[in-house]
Amino acid sequence: MTAVLGIETSCDETGVAVVEDGFRIAANHVVSQMDVHAEFGGVVPEIASRCHIEIIAQLVGKVLHEYPAEIDVVAATQGPGLMGSLFVGLSFAKALAYARGLPFIPVNHIEGHIYSAFLGVGPPQFPALALIVSGGHTSLIRCPGAHVYQVVGSTRDDAVGESFDKVARLLGLSYPGGPSIEREALGGNPEAIAFPRAMAKSKDLAFSYSGLKTAVLYEVQRNPEGDKADLSASFQAAAVDVLLIKTKRALLEFPAPRLILAGGVAANKLLRERLHNELDLPVLMPPLDLCVDNGAMIAAAGYGRFKAGHVGDMRATPDPSLAL
Ligand code: KG4
Ligand code: ZN
């Protein structure tokens, strides 16, 4: 058995976990800074890194207390993400690995999200097509085998989660926008306003979400008394519709035996239901609590790298725009 301690600090969640054999979660804790950033309507990078510094030692201590058995490998997010935030988790993880004489494996955050789909399920299964949707990413990724990736579609401007956050701010709903819009949309009519399905007709697999945000802004300016529930439901319908259209197109172009859905926006119920109902292939998606950033997904991806022969790299430094 191999136990990996995973540390995630790329954005506004401090996540620490121990995962056994790459998929069994033995301990997992996430501390969110959501409330701290809420008053600014978005993540403030300098505040984020300071919050990570304040909590990281305590959180690692808590996880190691819950998991007193031996740790074999330490893994942490190297990027992409916020420089200061990445720096805290990566440095802490390297120091811990050095002190215990363990290999340190740097992990790509997006690879972590891909591996989150297998947590609690079993060893990762490839090939697959992955739809990664978060506050920073909207990507369709071909995964022909373990640790082999080809990004076949990504956003030209805003990420889909970012558009949920921006539209929520526009409507006076709380941060983060995804859950608030989803809640507000429950009482609204998704067909009330026909928002554009950006790039839906283009033959490629690119996304664009800034036009949708602007369309909501114009609608609010045109009709300031408009029903927030209808606006939320119509926006959510358009945002999710484009994800469905592009994912179906990607599967025609790059057939795969399974789809992986992951990232913060993967918590969206409409998206989960539509993918589940409209695709005739298995859709692997993490449970809601593992959609947001966490240490378990980093441990899972780190385990995969370790088993693939990665011997560790103490010289790894944070890379805010690390490519897959
Ligand atoms: O993966 P994540 O925790 O952090 C990044 O790597 O970006 O994703 C956070 C994003 C935020 O934009 C948030 O609004 C969005 O995920 N989100 C949702 C939902 N829950 C979180 N978007 C739509 N529906 C949700 N239920
Ligand atoms: Zn993420």
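Trainee: How many residues lie between β7 and β8, and which residue in the turn has a positive phi?

Mentor: Strands are DSSP runs of E with at least two residues, helices are runs of H or I with at least four, and both are numbered from the N terminus. Two strands pair if DSSP finds at least two bridges between them. Here β7 and β8 form a hairpin with two residues between them, and His-147 in the turn has a positive phi of about 65°. The model is predicted: local features need pLDDT of at least 70, side-chain atom pairs count only at pLDDT 80 or more, and totals for chains, interfaces and linings use all residues. Residues are numbered from 1 along each chain as its sequence is written, chains are lettered from A and ligands numbered from 1 in the order in which they are written, and side-chain values use heavy atoms, leaving out hydrogens and water.

Trainee: In which sense do β7 and strand β8 pair, and which residue of β8 is the bridge partner of Leu-140?

Mentor: Strands of a sheet pair through backbone hydrogen bonds, either parallel or antiparallel. β7 and β8 (residues 148–154) take the antiparallel sense, over five bridges, and Leu-140 has Gly-153 as its bridge partner.

Trainee: Why is strand β7 described as largely enclosed?

Mentor: Buried means under 20% relative accessible area, exposed over 50%, and partly exposed in between (1.4 Å probe, protein chains only). Strand β7 (residues 138–145) is largely enclosed by the rest of the structure because six of its eight residues are buried.

Trainee: What is the strand order of the open sheet formed by five strands?

Mentor: The order is β3-β2-β1-β4-β5, with mixed pairing. β3 (24–32) and β5 (104–108) are the edge strands, each pairing on one side only. β1 (residues 3–8) and β4 (residues 73–79) are joined in the parallel sense over four bridges, with Gly-6 standing opposite Ala-75.

Trainee: Which strands does helix α3 touch?

Mentor: Contact means heavy atoms within 4.5 Å. Axes are lines fitted to C-alpha atoms, for helices over the stretch in contact, and angles run from 0 to 180 degrees between N-to-C directions. Helix α3 (residues 83–100) touches β1, β4 and β5, and its direction makes about 160° with that of β4. Helix α2 (residues 45–66) lies across β1, β2 and β3, at about 20° to β2.

Trainee: Which residues are the protein donors of the zinc ion?

Mentor: Donors are N, O and S atoms within 2.8 Å of the metal (3.2 Å for Na, K and Ca); water is not among the atoms, so sites may look incomplete. For the zinc ion (ligand 2) they are His-109 (NE2), His-113 (NE2) and Asp-293 (OD), lying 2.0 to 2.1 Å from it. His-109 and His-113 are separated by about one helical turn because they are four residues apart in helix α4 (residues 109–116). His-113 is buried, with a relative accessible area of 0%.

Trainee: How many residues surround ligand 1?

Mentor: A residue is near a molecule if one of its heavy atoms lies within 4 Å of it. For ligand 1 there are 21, with Gly-135 and Asp-165 among the closest. A polar contact is a pair of N or O atoms within 3.5 Å; within protein, one must be able to donate a hydrogen and the other to accept it, and residues adjacent in sequence count only if both atoms are side-chain atoms. An oxygen atom of ligand 1 lies 2.8 Å from a polar backbone atom of Gly-135. Two zinc donors also approach oxygen atoms of this ligand through polar side-chain atoms: His-109 at 3.3 Å and Asp-293 at 3.1 Å.
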